[in-house]
Amino acid sequence: MDLSLIIALDVVNGAASLFLLCLGLAIIFGMMKIINLAHGEFVMLGAYATVISANAGLNIWIAMLVVAPLFVGLVGLVIERCLIRFLYGRLVDSMLATWGLSLCLIGLVTTIFGNTINGVPTPLGGFQVGAYRSSWYTVFLLGMAVLVMALVYGVLRFTRFGLVARAVMLNPGMAATLGVNPAKIYMATFGIGAAVTGLAGGLLAPVSGITPVMGTAFVAKCFITVVGGGAAIISGTLSAAGLFGLVNQLGAFFTTPVYGEVILFLSAILLIRLLPQGISGRFFKGTL
């Protein structure tokens, strides 16, 4: 009983964290077809914004839930206006440009703060079930994953902005003839994707090692999850995060964390080989 509970909690926590990390990338890549190799650095900026704000005396919850997404969202808007808007429809160029942006952000943060920075303590207490001990913060992360998923789904499905954004991504020329300014929609969508990524970085700051290169540990896993999920932003990312979170946590539990990562990537290769359009392309067609 204790063993099954430990495995179940680890799997759920891993899937929730992976979903939070991937959702911002799914918005940017799934809707805008921009391969943002600086996605991991957006996570890193959110974590740094949280730690710096909290260490300056700001409440940890405000630092995580307000400062991190706002700061990274604003950074995303600036980057979109200065760089990304020239790269729409140019996949290879977007890869090269955002890779350079990634190196630039890492170098800038390293220059300002050095290679390390003090972290923040994990809020909330812990609980114990049998021999298993965990933190209530992991339960909070699960709740935040559900809340963020519901908010993004609600915005894309039930608001005018979501309708217009999906229309622009499908056919910007037709949307422009109806009076929509595609450039503004692209800018807002990229900013929202960056803000969601910053929120993920802020939420994971108390449980992650915070360094300028921390994003490199996330970017590959995030991309294979988004690609494995397919075109559907919510259902695809959620299903892929659940599947890969299960594979990764089980592999790490029964072997080692390193072998867990290897098993995850091998599973992703097999999935993409069998389902080149992703999970949503096969099972969730026509859904968000």
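Guide: Let's start with a pocket. Helix α1 gives the most to the lining of the second largest pocket, with five residues. Keep in mind that this is a predicted model.

Visitor: Which helices each supply at least two residues of that lining?
Guide: They are α1 (2–32), α5 (136–158), α9 (216–229) and α10 (233–254).

Visitor: How much space lies in the second largest pocket?
Guide: About 410 Å³. The lining has 18 residues, and the closest to the pocket centre are Gly 14, Ser 17, Leu 204, Phe 218 and Gln 249.

Visitor: And how do the lining residues divide by class?
Guide: Eight are nonpolar, eight are polar and two are charged.

Visitor: You mentioned α9. At what angle do α9 and α11 cross?
Guide: The axes of α9 and α11 (residues 257–274) cross at roughly 30 degrees and come within 10 Å. Angles under 35 degrees count as roughly parallel, so α9 and α11 are roughly parallel to each other. Their crossing is left-handed.

Visitor: Which residues of α9 and α11 make the contact?
Guide: On the α9 side they are Ala 220, Lys 221, Ile 224, Val 227 and Gly 228, and α11 brings Glu 261, Leu 264, Phe 265, Ala 268, Leu 271 and Ile 272. By class, that contact of α9 with α11 has eight nonpolar, one polar and two charged residues.

Visitor: Switching topic: what about α8? Where does α6 sit relative to it, parallel or perpendicular?
Guide: The axes of α6 (residues 160–170) and α8 cross at roughly 110 degrees, coming within 10 Å. Angles of 65 to 115 degrees count as roughly perpendicular, and α6 and α8 are therefore roughly perpendicular to each other. This crossing of α6 and α8 is left-handed.

Visitor: Who's touching whom there, and how many charged residues are involved?
Guide: Phe 161, Val 164, Ala 165, Val 168 and Met 169 of α6 meet Pro 182, Ile 185, Tyr 186, Ala 188, Thr 189 and Ile 192 of α8. The α6 contact with α8 has 10 nonpolar residues, one polar and no charged ones.

Visitor: And α3 with α8, is that crossing left-handed or right-handed?
Guide: Right-handed. The axes of α3 (residues 60–82) and α8 (residues 182–204) come within 7 Å and cross at roughly 145 degrees. The contact includes Met 64, Ala 68, Val 72 and Gly 76 of α3, and Tyr 186, Phe 190, Ala 194 and Gly 198 are among the α8 residues.

Definitions and conventions. Residues are numbered from 1 along each chain as its sequence is written. This is a predicted model: local features need pLDDT of at least 70, side-chain atom pairs count only at pLDDT 80 or more; totals for chains, interfaces and linings use all residues. Side-chain values use heavy atoms; hydrogens and water are left out. On a 1 Å grid over the protein atoms alone, a cavity is a set of points where a 1.4 Å probe fits but cannot get out, and a pocket is an open set with protein on both sides within 12 Å along at least five of seven lines; lining residues have an atom within 4 Å of a point. Grid points are joined across faces, edges and corners, and a volume is the space filled by probe spheres set on the points. Helices (H or I, at least four residues) and strands (E, at least two) are DSSP runs, numbered from the N terminus. Ala, Val, Leu, Ile, Met, Phe, Trp, Tyr, Cys and Pro count as nonpolar, Asp, Glu, Lys and Arg as charged, and the others, Gly among them, as polar. Axes are lines fitted to C-alpha atoms, for helices over the stretch in contact, and angles run from 0 to 180 degrees between N-to-C directions. Angles under 35 degrees count as roughly parallel, over 145 as roughly antiparallel, 65 to 115 as roughly perpendicular and the rest as oblique. A crossing is left-handed if the near helix is turned anticlockwise from the far one by less than a right angle, and right-handed if clockwise. Contact means heavy atoms within 4.5 Å.
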